[in-house]
Structure formats: C-alpha cells, structure tokens
Amino acid sequence: NTATAEQTVTVVDDVDPSITAPADIIVSADAGVCTTSSVSLGSASSSDNCSVASVTNNAPASYPLGSTTVIWTVTDGSGNTATAEQTVTVLDEENPSITAPGDITVPADAGVCSASSVDLGSATTDDNCSLASTTNNAPATFPLGSTTVTWTVTDGSGNTATATQIVTVTDDEDPVIVFCAPSRAIDGDVNN
C-alpha cells in the first residue's frame, strides 16, 4: 500500500550580481562651449551566479565642466542589483580670446618729455567658459616714442591669451627762446 504527498522546494537567487565600472576618464570641453557631449565611457564588466539581465548607467547626454559621477547598475535575472561609479572629468583647455584696444598717439604732457594719465581704452575678451581677469602692463608714465602695452586675459581655468597695443608719445611742444639784451662794446679809455 502506498500514499504520496508533495513538497515544493523553491530555490531563490538572493545573491547580488557584481559590477566593475570602466576606468575614470578625463576629457576636454568641446570647442567653443563649456561642456562635452563626445564621451566614450567604455563598458562595465559584470557577472552573476545565475544570469545578468541588464547593465545600465545614468550618464547625461552632455557633461559640464568639472567632475560628473556616472553610476553603473547591473540587474540579474532575479532582480538583484549592484552599482559601481565612474568619474568623468571635463577640463577647459581652450584659451580665451582677446583683442587689444587700437594703437594710440598722444602728445607729451606740458613741460615734460613723457605722457601720463593715458586713456588706453578697454580690451575685448571672450571665453567658452568664464573669464577671471583682464590686465595690462602699461607703465604709469609713457616715455617719448613708442611703447608696447601687452594685454593679458585669463579664464577661470587658468588659460591665457595676449594682445598688444602701441602707445606713441609725440613731442608737440614748441621750444622756448629767451631774448637777452644786446651786449654793448665800449671803446676808448675806461677812465674817461
């Protein structure tokens, strides 16, 4: 005589898969902008004790200047997940642009052979990201003749560009002549 009964044995995959993100990468911003959209992330490596269902990441379409963390996620056939991080660093390696003010000619200050308080004008600058400073090496006083003034623009990432401006000082002041009384000649005996 026999009898039977059933028992169900359920095997559950509760082991998370494993994932290794691609190596961190450093890229330059695209020309003319402060972001990049041309990033090749590479591929993550993953494994699981049963099966891998998907490997995804949350990478943006465009990366801003600086560091962005990309999170890679692996999901196995039982819905278990694991994550790994990859850092994408975007550098601004594009020099800013600068156009110096036009060359100028100024007369020397009255009574001296130099010019001070010269209005140089302003340089025109631009950058794909941000500008930090615009400076020049103009002296406080310009001597007679031509002086080259170098203008320098620096962007937020330390990239620089230069442009030059010529300042010419001319001597337009007439000389001064002082007339003296004519000298007199004395003839004869001085005792007379």
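Q: Which residues make up the uncovered face of strand 2 (residues 25-28)?
A: This is a predicted model, in which local features need pLDDT of at least 70 and side-chain atom pairs count only at pLDDT 80 or more, while totals for chains, interfaces and linings use all residues. Residues are numbered from 1 along each chain as its sequence is written, and side-chain values use heavy atoms, with hydrogens and water left out. Strands (E, at least two residues), like helices (H or I, at least four), are DSSP runs numbered from the N terminus. The covered face of strand 2 holds I25 and V27, and the uncovered one holds I26 and S28.

Q: Is V153 buried or exposed?
A: V153 belongs to strand 15, and its C-alpha is 8.8 Å from that of D126, 27 residues away in sequence. Buried means under 20% relative accessible area, exposed over 50%, and partly exposed in between (1.4 Å probe, protein chains only). Because the relative accessibility of V153 is 0%, this residue counts as buried.

Q: Which residue in strand 16 stands opposite S146?
A: Strand 15 also pairs with strand 16 (residues 160-170), in the antiparallel sense over 10 bridges. In strand 16, the residue opposite S146 is T168.

Q: Which residue takes a positive phi in the hairpin of strand 15 and strand 16?
A: The hairpin has 4 residues between the strands. A positive phi near 90 degrees is taken there by G158.

Q: What is the phi of S117, a residue other than glycine?
A: S117 sits in the loop between strand 11 (114-116) and strand 12 (124-126), and counts as exposed because its relative accessibility is 74%. Most residues other than glycine have a negative phi. The phi of S117 is positive, near 55 degrees.

Q: How many Å apart in space are S38 and S62, C-alpha to C-alpha?
A: S38 is in the loop between strand 3 (35-36) and strand 4 (45-47). S38 counts as exposed because its relative accessibility is 55%. S38 and S62 are 24 residues apart in sequence, and their C-alpha atoms are separated in space by 7.9 Å.

Q: How many Å apart in space are T10 and D155, C-alpha to C-alpha?
A: T10 lies in the segment before strand 1 (18-20). With 61% relative accessibility, T10 is therefore classed as exposed. T10 and D155 are 145 residues apart in sequence, and from C-alpha to C-alpha the distance is 64 Å.

Q: What is the relative accessible area of D174?
A: D174 is found in the segment after strand 16. D174 is exposed because its relative accessible area is 65%.

Methods
Two strands pair if DSSP finds at least two bridges between them.
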